[in-house]
Every structure is written in C-alpha cells, then in structure tokens.
Protein chains: 2
Amino acid sequence: MSKKLRIGIYGFGVVGKGLYDIIHQNRYVDIEITKICVKDKDKKRSLPQGCFTFDQKEIIQDSSIDVIVELISEADEAYTIVSEALKLGKKVVTANKKMVAENLPELIEIQKEYGGTLLYEASCCGSIPVVRTFEDYLKNEPLRSIEGIFNGSSNYILSKIFNDGLSYDQALKEAQELGFAEADPTLDVGGFDAANKLCILATHAFGVEIHPEEVVNFGIQNLSQFEVDLAKSKHQKIKSLALAFRNNEDKIIPLVLPCFVEKDNTLFDVEYEYNAVKINAEYADSQLLEGKGAGAYPTGAAVLSDIIAIQDNYTYEYKKLNHNSYVGLVEDISINVYIRFEKEDILKNLGIDVFEEIAISGQERAIRGKVLLSKLLELKKAPVEDKILIAVEEKNFLEDSVTSKRDDSKVAVAL
Amino acid sequence: MSKKLRIGIYGFGVVGKGLYDIIHQNRYVDIEITKICVKDKDKKRSLPQGCFTFDQKEIIQDSSIDVIVELISEADEAYTIVSEALKLGKKVVTANKKMVAENLPELIEIQKEYGGTLLYEASCCGSIPVVRTFEDYLKNEPLRSIEGIFNGSSNYILSKIFNDGLSYDQALKEAQELGFAEADPTLDVGGFDAANKLCILATHAFGVEIHPEEVVNFGIQNLSQFEVDLAKSKHQKIKSLALAFRNNEDKIIPLVLPCFVEKDNTLFDVEYEYNAVKINAEYADSQLLEGKGAGAYPTGAAVLSDIIAIQDNYTYEYKKLNHNSYVGLVEDISINVYIRFEKEDILKNLGIDVFEEIAISGQERAIRGKVLLSKLLELKKAPVEDKILIAVEEKNFLEDSVTSKRDDSKVAVAL
C-alpha cells in the first residue's frame, strides 16, 4: 500500500466544503486533509476548530503535505499563495479562474524555474474536463474555433427569461436567491468571468496567451424585452457566448458577447446552470462537452481529479504554446454587431458603419452595423453613461475572416 | 530535438487513409510511417507499392518502429497481430472495437505479463475522447449510469426516418450509399457494434468486465411505421441506445435497445452520424460528450492522439477494475419492454407478464410487459423465426432497481 495522500486546503467556501464531503465519502480515494486555512477566526463552522489554521504559512511550510489546494475567492491573495508554493517546488491545485487567467504566463514561468506544478481543471466550466481535453487529447489538433457557455449565472438568467418568461431583474433575483449569482453580479453577467475562462482555454486550445484585458467582453445586464422578442420572432435564443476563432492568418479572435443563437446550434439547448464548450477541430471535427459549470460537488469533483492527477506526476505540457508560435492574438478586425442605445454619441465614438436601422420607442434606437474590435475594447475599458446592449448574430458576424472549412478535395487520398 | 517517431500500420482502409493524411498535413506532429501492411497484392492503391508490405511479420519484427497501429477490420486476425506485438513488449494502438471487446481481459493480462502497452480510444465513438475521460478524469468518480448513442449507422437511419420521413429500407439504402453502413448491416443495426463499445467503456467507467455475449442487444431492423407514429404522437423519438446502469447492489445492467426518448433528454437532439455519451456521476453530476462517431478524419484523429500518448508512455491504469472489486455484472432483473410480434409463442417463450395490449392489424400484436433480462439474452442467442421489435421506454423501464440519486441531506456539511 502506498502511503495516504496528504493535502492542505486554503479556503472553506462552497467548493472547499464540496471537496471535503467528496473526500470523506468516496471509496475510490484515500486522502487525509491535514489542515484547512481560513481567515475569519470568529465564523461558525461545521468542523471542529482543530481542523483549521489561521496562519497562511502553516500549510505551505508543512513538508509532510503532498498537494496544496487553493480554493479562496480573492485572486490577488490566491496568487500570492500559489506562486509562493510553486517557488517552493510544491504541487498545487487551484479552482481560481481570475487568478489563473490574469497570471498564466507568470505561473508557467515560475513552474519552469522552480519545478513546482500547477493544475486548474476546476477553474473552467466546473465538472467538464475541458482543460484536460484540450491539453491532452486535442494537443495535436489544429482547432478552428471554440464556442462556449462558460458562465452558469448568465445562462441561468437567460434560460429563465427565454423559457419561463421572467424579466431580467426577476431572473437575476432568483439566481441570487439560489446562489447561482453573487450579490454583485457584474463579474458574471458582465462577461468578465467567461473572459477569464476563455483566456485560460485559449492557451491550451490554440497555444496563445491572452490577458483578460485584451478580450472584448460585454454582458447581458442591459438586455431588454425588445431583444427577447426579436430573438423569439426568429425562433432564436440569446446566449452569453465566449468565442475564440482562428482566422486565415492564424490569429485568434476572442470575444464574450450576447449572441442570437439559431435552433440548429447545439448550444441552443444548453440551459440553466449548465456549461458547454463546442469545439471545431481540423480533423476530430465538431465536438461538444456539456456539464454542470459550478456547484460544490461538480467543482469539487474536478478539484479532486486534479489532486489525484498531480500526485501521479501529471503536468500540463502546453504543447501548442511551446510549439513554433505561429498563432497569435488578432490585431484588429471588424465585426457585425447589433447595438441598442439611447445616446447618439456612441455611433460616432465607436465609428460604427450602420447598415440597418431598427426603430424602437422615443429615446432608444437599435441598429445593425460594422465596428472595429479595437473600438469595442476601448468602450469596455472606458464605459459610457448609457444603457447599451451589444450583441452579435451567430451567422456571419465575423463574415469571411475566419478559417474556412478544410478543403477535403485537396487532402483526401485518392483511391 | 527528439528523434522522429516511427510507426508501422496494419490496414489501409478508411481509417488508415485518414490517419495517413492527417500525419502528412498536421504541423503539430512529426511522424514517419515506415510500412503499411496490407493483404491484397493486386488492389490498386493511392500510394507507391514501396510503402506497403504483405508480410505480416515485417512490422512486428522491425525494432526501429516505435508504435504499431492496428487498423484492419477482421477481429480475429487483429487479435493475433495485437497479442503477438504485446508479447514482444511493443506499444500498440488499435481502433478495433470488436477485437478489444471480445478479448479485453486477455489483453490486460498479456500487458501485465509482457510489458507491452495497448491504447484503443478510437474503438469507441470515433473522435470523442470517451475512454480517456472515464480512464483519467472520472477514475475517482462512482458513476450511476452511462447512456449513449454509440452506433452512427443506426442513428443516421433513425434520424432519416424521424426527421426526413424515410422508411427504414430507404434510410438504410441511403446510409449504405453514403458509406455510413456496411453491405451487411447486421453488426450495426442489430446493436452488436454498440454492445462491443459498451463492454469496453464499462470496464473503464465501472470497473467491470463484460463480454459482448453477456449483453442483451436488440436492433432497429424490424422498426415499423407503427412505432414511428407511436413515438411521434407522444413527441418522442426512437433512438438506438447503449445503456449501463448501476443498481442499488453495485451490479451493472448493460443493454442495447431501441428506446422511446423524450424531448428533454439531451440525446434526443443527437442526430445522423453523431455519437454521444451521457454520464451520470455521483459528484461530477451529469455530463454529455458528443462528436463524430466515425469517418476517416475523426477516427484517424483519435488514433493519432493515442499514438502520441503511448509514445509519451501513457498507459491505461484500469483503476476501478483493480480497485476492490465490489462492482459486478447483474445476475438477472426484470425490465419493462414494448414488444411487437406476429407469432404468439414469443410471449410464452419469454415468459412476459403482459400489462398492456396495443392492438394492430390482423397478424401483428404489440404489447407492453415485464420480462426477465435472462430471457431476452436467450432470445438474442437463439433468435426465433418472427419479425420481432423489442424496445424500451426511457422512463421507468428499470423501475426502482437502479441506484437512486444521492441523498444530499445525509452528506452535505452543515453550515
């Protein structure tokens, strides 16, 4: 018998508790949780006081601990813990997408320099093995695109609006009551959370490093009944999608935007708290991975899977990133958008080439037009005082700038 | 630079040609195909004669070859090649589901004894990384069930019947013309191919060894307009499903049967040549993996992924199989079926407890009733002279014999 695996955990929130339960029930694993590091000394907890430590150094400095598990919510503090642990050559598992997305190049460098190892499957799409699938199974596959529902809160709200007829405010309130959305929902409904996940996955999927600040992300906060009716009239739904396309010049176009989705898109039926990622690969073709995007057990299960893998010396290889790096981030590109606004200025500020007017009531206008990605990024960085909704239509919003389908006639072996 | 990976291939059919193309186009891999072993000396081929060998020993005995790839169609011959190669300690990749399913316990034993390694991702569901997902990511997860569309030919035919209004015969003819079904389609439409895949996946998913002969599989050959109309009247579709449930006593119930599927089942929308596997896990919860189940490139991509993995010393660990083996194959159980037949005898022979008569035309009767799995297995092994269709209804066909949902109230950490 190999000796019992010993782990130390930072944080005892939803995911920490889920992991604790799973470890104690699951007959396939034999793990000892040595210490759980938490901050608030006065908070009432479900476990005896002796299970906890308030000294952040205790776990990192305990050489009897095999794997360090970082499950706190603050990204900066998490980075401090994780980077210190990696510098000590430790094996670290994290679920913190913001921390990973904002620091991935540094985290990779630290691992190279100090020999520590970091896994973060649970940071993207909860229980879905999406990092692992890109990293291992698809590491030899040139990908054309990934399209995903990466934020369960936004998807839950949109499902409630489209399937159950709730207003945005009602749906948000319900999501908050059920614990699917935070008191300040901006990170979720504003597309920031999905952008973090998109950056992480793009590294494994395409071999490109993207900082969340470089991603154009707009949310569903200002969605109105007008767009809901517009979508319904065409048998479409609106989904908050995270998108990364490879164009003909091997540049990646990353986007997080509300999208008018057609019925024949497999993402159309991904509802409520579910996440999904649709992959278009050169040879493996179209794939869909779907599962619970959050929650104590689904996310805890992903963390557990990483703990076991890292103990077996599994590491991310970053094959595409280390490969001759011909894939990069797109510099600029124009895309077709739907935009609704009150103040005319936005059209001029964004330099939109309007090609369709959709009249609404007095103050508000909605148009379809062409806009540069760089202008959208400026708007994201310096939001204006207006209730703006920016969305795209699934078909043709990138027009012909993305990689076309492989021409099979050229490549098939003639019989 | 590491030296170029050298592989030898047995077989140059659809998948062999697909793999050949992918290797020669894909910038992420650097592989040399040393020899391709084929049988028919007179067949005209797309590559120069010098690429081929007709001597089955040549590849196995070439010590400069790193990985042996077995892609022939005959299962027995494939077993001879693969087992001989494994006994020489070689690394072997195969796509042959029949061969793997019929010989998996022996193949595992040979690897233990001789040190060779075998991977077979491409044997199940083409491009979908399903063996890998069970084997690695879900190896610590107690699973409740897997439900899949594992046979692209059957699914294509059913989609054509349900979506495009074709008859079974028309749909089969079209599938054959498009290369989705063999001239003798029995293996596919009779559920034998799906049963093979189910046996392979059950080993990784549940840790249980099942021989294809132990699986009750019935096909769609005798599907008539009556069932199609019956399904449509209830907004259902009929899908050929491969099912494995874990019951309350940790026994696995494997089945391949036409199934009346409800609209809210994610498998309802998996159409045409697509495959999918729906996983119900204790902690990771519900997951769906969907992709192309066959074809030169999708299957070739799965083979390539195994070639790279096996060269990096990846092996299947069979964790659940090696774990204290409390999971076994169910001995017997009764299930609720729909059955249409012409000759009364079948009711007595199967010992069916009829609880609903559905009258049809003169000769034919259709009923709903309860039957023992063992009786169905007898019928599979000794088919009778009658056009029988056996199907199940998604809801309640196993009644209360399968593992109920985890009782969260017992396990959650109280706050």
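Predicted model: local features only at pLDDT ≥ 70, side-chain atom pairs only at ≥ 80, totals over all residues.
**Exercise 1. How many residues of chain A are in contact with how many residues of chain B?**

Residues are numbered from 1 along each chain as its sequence is written, chains are lettered from A and ligands numbered from 1 in the order in which they are written, and side-chain values use heavy atoms, with hydrogens and water left out.

*Solution.* 
- Step 1: take contact as heavy atoms within 4.5 Å; 60 residues of chain A then meet 59 residues of chain B.
- Step 2: turn to buried area, the accessible area (1.4 Å probe) that two parts lose on being put together, summed over both. Between chain A and chain B about 5,000 Å² is buried, and carbon and sulfur atoms give 53% of that area.
- Step 3: A:Tyr28, A:Tyr137 and A:Tyr283 supply 18% of the area that chain A buries against chain B, more than any other three residues.

**Exercise 2. Which side chain meets B:Lys292 in a salt bridge?**

*Solution.* 
- Step 1: apply the rule, a side-chain nitrogen of Lys or Arg within 4 Å of a carboxyl oxygen of Asp or Glu. Across the interface of chain A and chain B, 6 salt bridges turn up.
- Step 2: one partner of B:Lys292 is A:Asp285, at 2.9 Å from N to O.
- Step 3: ask which element gives the most to the side of chain A that touches chain B; S12(A) does, with 8 residues. Strands here are DSSP runs (E, at least two residues) and helices are runs of H or I (at least four residues), numbered from the N terminus.

**Exercise 3. In what order do the 6 strands of the open sheet of chain B lie?**

*Solution.* 
- Step 1: count strands as paired if DSSP finds at least two bridges between them. The order is S3-S2-S1-S4-S5-S6, with parallel pairing.
- Step 2: find the edges. Strand S3 (52-53) and strand S6 (117-119) of chain B each have a single partner strand, so one side of each is left without a neighbour in the sheet.
- Step 3: zoom in on S5 (residues 91-94) of chain B, which pairs with S6(B) over 3 bridges. Here B:Lys91 stands opposite B:Thr117.

**Exercise 4. How many residues lie between S15(A) and S16(A) in their hairpin?**

*Solution.* 
- Step 1: S15 (residues 353-359) and S16 (residues 365-372) of chain A run antiparallel, joined by 6 bridges.
- Step 2: the hairpin has 5 residues between these strands.
- Step 3: as a landmark, A:Asp353 stands opposite A:Lys370.
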